[in-house]
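Dear colleague,

I am passing on the structure below, and after it I set out what was found in it. Please read the notes with the structure open beside them.

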Amino acid sequence: MNATTATTATPETPVKAGTGAGARLELRGLRREFGSAVALDGLDLEVAPGELLALLGPSGCGKTTALRVLAGFERPDAGAVLLDGKDIAAVPANRRDTAMVFQSYSLFPHLSATDNVGFGLRMRGVSAAERRTRAAELLELVGLPGHGGRYPHQLSGGQQQRVALARALALRPRLLLLDEPLSALDAQVRVTLREEIRRLQLELGITTVFVTHDQEEALSMADRVAVMRGGRLEQCATPTELYARPATGFVADFIGAMNRVPGQAAADGTVEVLGVRLPVDGPAPAPGPVEALLRPESLEVTALDDGPGRVLGTAFHGPTVRVRIALTDGPARGSELKADVPTHAAAGLLPGARVDVRPQPRPVLLAPQDGPVRGASARDGAA
């Protein structure tokens, strides 16, 4: 299987940055079944021209199936895939104006970097001289000038992935698909290459759909992130919105670390959590028991001999230390919390130490057992 499936771009068009050639993509009611298993269950999604959208979710959520449907490697059982308003759901993969970069690079081992990049152009009948010129431009664009004569075995993993990316860009596709392209690389190379991919995507204005299992990757690269579960869309929003205002309990628990802490709602619309009365972020709940959502960084931890919490363990994260705390007293006793404490303030928080835990004085989100999170909006869910 070739890494590039672009076909309708004009080979003679020179590769230039900032062309804004990205297409508008719409998924409408996509359904895909494999026997009794439903991989996509009425997926609706829209991607704006030039936008980078990340598909994120647990294994089996349908994100890879969605990408394969976009590439033409899978046919949906129902629904439409609209590229600039034209339904391409039945169009073969080799006739779509798309390109795909795989996790495994998929470079031809017997071809040089130049010939790998120019392979799609050769299939379009572009002359050898033009292929060499275009390949040199693209290799320079991805940060590999002077590497055209090297073969895949002479390149590092990061360099091979850059060549695969250059090959995908060779025919200037209107839709770029990335299938976990960085997961086989070591941590430092991943960070560098994701910054390069984002730079190129912005520079070229290509609409891009990026599948990843790495939350940090999705949140740091994407304009918006679509969180999927069970073949459906849970929420699609900017990284900031997704993290600060999750629309469902699943998203709240899936994105980053989240503490669910029992609290008590009062008639005045406030909620008491861990001994602190807080305003509610969103509509006021009915008086009674509630569950508050608190990020680790929103908790303040203080060593206290008779505090209601006991430190279970710590994990060093550079500027912060993640502290695990068991509450043994108070309304939330039996709860286990995670708190992020500045490293300089964590010296006394050793396992077994007694501590007091308080939320910072800011509006708090509430999460019912089922349904949307109070105060969060799912308005982007089917954007």
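**Cysteines**

C61 is buried, with a relative accessible area of 2% (buried means under 20% relative accessible area, exposed over 50%, and partly exposed in between, with a 1.4 Å probe and protein chains only). C236 is likewise counted as buried, at 0% relative accessibility. The structure holds zero disulfides, a disulfide being defined as a pair of cysteine sulfur atoms within 2.5 Å. The closest cysteine sulfur to that of C61 belongs to C236 and is 13 Å away, which is too far for a bond.

**Basis of the model**

Before going further, please note that this is a predicted model, in which local features need pLDDT of at least 70 and side-chain atom pairs count only at pLDDT 80 or more, while totals for chains, interfaces and linings use all residues. Residues are numbered from 1 along each chain as its sequence is written, and side-chain values use heavy atoms, with hydrogens and water left out.

**The chain as a whole**

The chain has nine helices and 20 strands, where helices (H or I, at least four residues) and strands (E, at least two) are DSSP runs numbered from the N terminus. Its C-alpha trace spans about 80 × 45 × 40 Å along the principal axes, and 53% of the 383 residues count as buried. Of the contacts between residues at least 6 apart in sequence, 70% join residues at least 24 apart, contact meaning heavy atoms within 4.5 Å.

**Helices α5 and α6**

Helix α5 (residues 157-169) packs with helix α6 (residues 187-204) at an angle of about 15°, and their axes are 11 Å apart; axes here are lines fitted to C-alpha atoms, for helices over the stretch in contact, and angles run from 0 to 180 degrees between N-to-C directions. The two helices are therefore roughly parallel to each other, since angles under 35 degrees count as roughly parallel, over 145 as roughly antiparallel, 65 to 115 as roughly perpendicular and the rest as oblique.

On the α5 side the contact is made by G158, Q161, R162, L165 and L169, which meet V189, T192, L193, E196, I197, L200 and L204 in α6. The residues of this contact divide into seven nonpolar, three polar and two charged, with Ala, Val, Leu, Ile, Met, Phe, Trp, Tyr, Cys and Pro counted as nonpolar, Asp, Glu, Lys and Arg as charged, and the others, Gly among them, as polar.

**Two buried strand residues**

L43 is found in strand β2 (residues 37-47) and counts as buried, at 2% relative accessibility. Not counting residues up to four places away in sequence, L43 touches L27, R28, G29, L30, A66, M228, G231 and L233. R32 is 11 residues from L43 along the chain, and their C-alpha atoms are separated by 9.5 Å.

V273 lies in strand β12 (residues 270-273) and is buried as well, with a relative accessible area of 0%. Leaving aside its neighbours within four places in sequence, V273 is in contact with V261, P262, G263, A292, L294 and P359. V142, by comparison, is 131 residues from V273 in sequence and 51 Å from it in space, C-alpha to C-alpha.

**Loop residues**

D84, in the loop between β4 (78-83) and β5 (86-87), has a positive phi near 55° and is partly exposed, with a relative accessible area of 40%. R172, in the loop between α5 and β7 (175-179), also has a positive phi, of about 50°.

Finally, A347 is found in the loop between β18 (336-342) and β19 (354-359) and is exposed, with a relative accessible area of 64%. A347 and L365 are 18 residues apart in sequence, and their C-alpha atoms are 31 Å apart in space.
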